[in-house]
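Open your viewer and get your selection tool ready. We will go stop by stop, with something to select at each one.

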Amino acid sequence: DEIGALPELVKRMHNQVGAADYRMQMMPASEVKKALPLIGPDVSGGSYCPHDGHVNSLRTFRAFHTGFKAFGVDYFPERPVSAISKRGGEFRLTTPQGELRAAKVVLAAGNANQTLAPMVGLHAPMGPTRGQIVVTERTMPFLPHPLTTIRQTDEGTVMIGDSREEELDDRTLKHSISAVMADRAQRMFPHLARLNVVRSWAGIRVMPQDGFPIYDQSESHPGAFVACCHSGVTLASNHAFDVARMVAQGALEPELVGAFSARRFGGNGAANHSGY
Ligand SMILES: Cc1cc2nc3c(=O)[nH]c(=O)nc-3n(C[C@H](O)[C@H](O)[C@H](O)COP(=O)(O)OP(=O)(O)OC[C@H]3O[C@@H](n4cnc5c(N)ncnc54)[C@H](O)[C@@H]3O)c2cc1C
């Protein structure tokens, strides 16, 4: 059963060389009830990890823009790059609003990195999936920890959802999927059944083909880097403090991020131009 299989999975992850001590513990239903008094009778137990955390992604986004201002970064939205070349020691980026020039370039265009990376001798094989989220009206604080499929923001709204679909059209919603997610949520927390849904949306996940981040630097085009991953909100501090520092210094550090080079995908193509 699910409750029995989870500790086995975490044990296998622990056994990997250099794995962190997650301090994950399994909890019987009575313990879950103590931690989350509004949990429903259908829940037979849970897992808890003190390292799990939650951020409001809109606030993270705003924090980055505050940082841009503080450090004098110019942000040019709605300027899709269609070509990149390197001449005279400078990268030249073609956009509909004209050319941009830079000494270094970090490809951080999500799934579009798959197209941009080969322009600078890099490789970013992506395998995006679609996900749907249901958001309720604000309610009293009841969920101090993020759960895998339910989280409460600091503003009180509840985000429900974890769907993973192959279809890559984010313009429509599948109500049958929202219904399954909402039903599971109200079985976990029966009081959610009383809340109004204020919005639901579908989004395309930025997803490297094997699910793990890609951080790489180009050998053929020194000064070009690629950074793409799922869970970009969770990993935002690593990107801001570690990856950005390495890019500023001019080289990624193999001992920190070498395992995330696109070399792991093998092949004879651009992957072999990784500058590690
Ligand atoms: C349903 C769903 C649930 C998720 N849940 C979580 C979660 O719980 N925790 C978590 O950490 N993450 C979660 N994510 C993932 C998170 O949103 C992504 O990891 C993150 O957005 C990736 O950030 P990014 O900046 O790499 O890519 P993106 O957010 O895709 O940003 C890429 C940017 O590049 C721009 N761009 C594209 N093409 C070009 C081009 N040619 N030239 C210039 N610019 C270009 C785009 O306009 C965009 O602004 C979720 C995603 C979805 C869809």
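Start by selecting Asp42 and Arg187: their side chains meet in a salt bridge, 3.0 Å from N to O. The term stands for a side-chain nitrogen of Lys or Arg within 4 Å of a carboxyl oxygen of Asp or Glu.

A word on the model before moving on. It is predicted, so local features need pLDDT of at least 70 and side-chain atom pairs count only at pLDDT 80 or more, while totals for chains, interfaces and linings use all residues. Residues are numbered from 1 along each chain as its sequence is written, and side-chain values use heavy atoms, leaving out hydrogens and water.

Next, colour domain 1 (1–51), domain 2 (58–76 + 104–123 + 210–273) and domain 3 (129–205); these bounds come from an automatic or database domain assignment.

Now show domain 1 with domain 3. Eight residues of domain 1 are in contact with eleven of domain 3 (heavy atoms within 4.5 Å). Between these two domains about 740 Å² is buried, 74% of it from carbon and sulfur atoms; this is the accessible area (1.4 Å probe) that two parts lose on being put together, summed over both.

Last stop: the ligand. Select Arg151, where a polar side-chain atom lies 2.9 Å from a ligand oxygen atom. Then pick Ser231, with a polar backbone atom 3.2 Å from an oxygen atom of the ligand, and Cys229, with a backbone N or O atom 3.4 Å from a ligand oxygen.

Notes
Polar contact = N/O pair within 3.5 Å; in protein donor to acceptor, adjacent residues only side chain to side chain.
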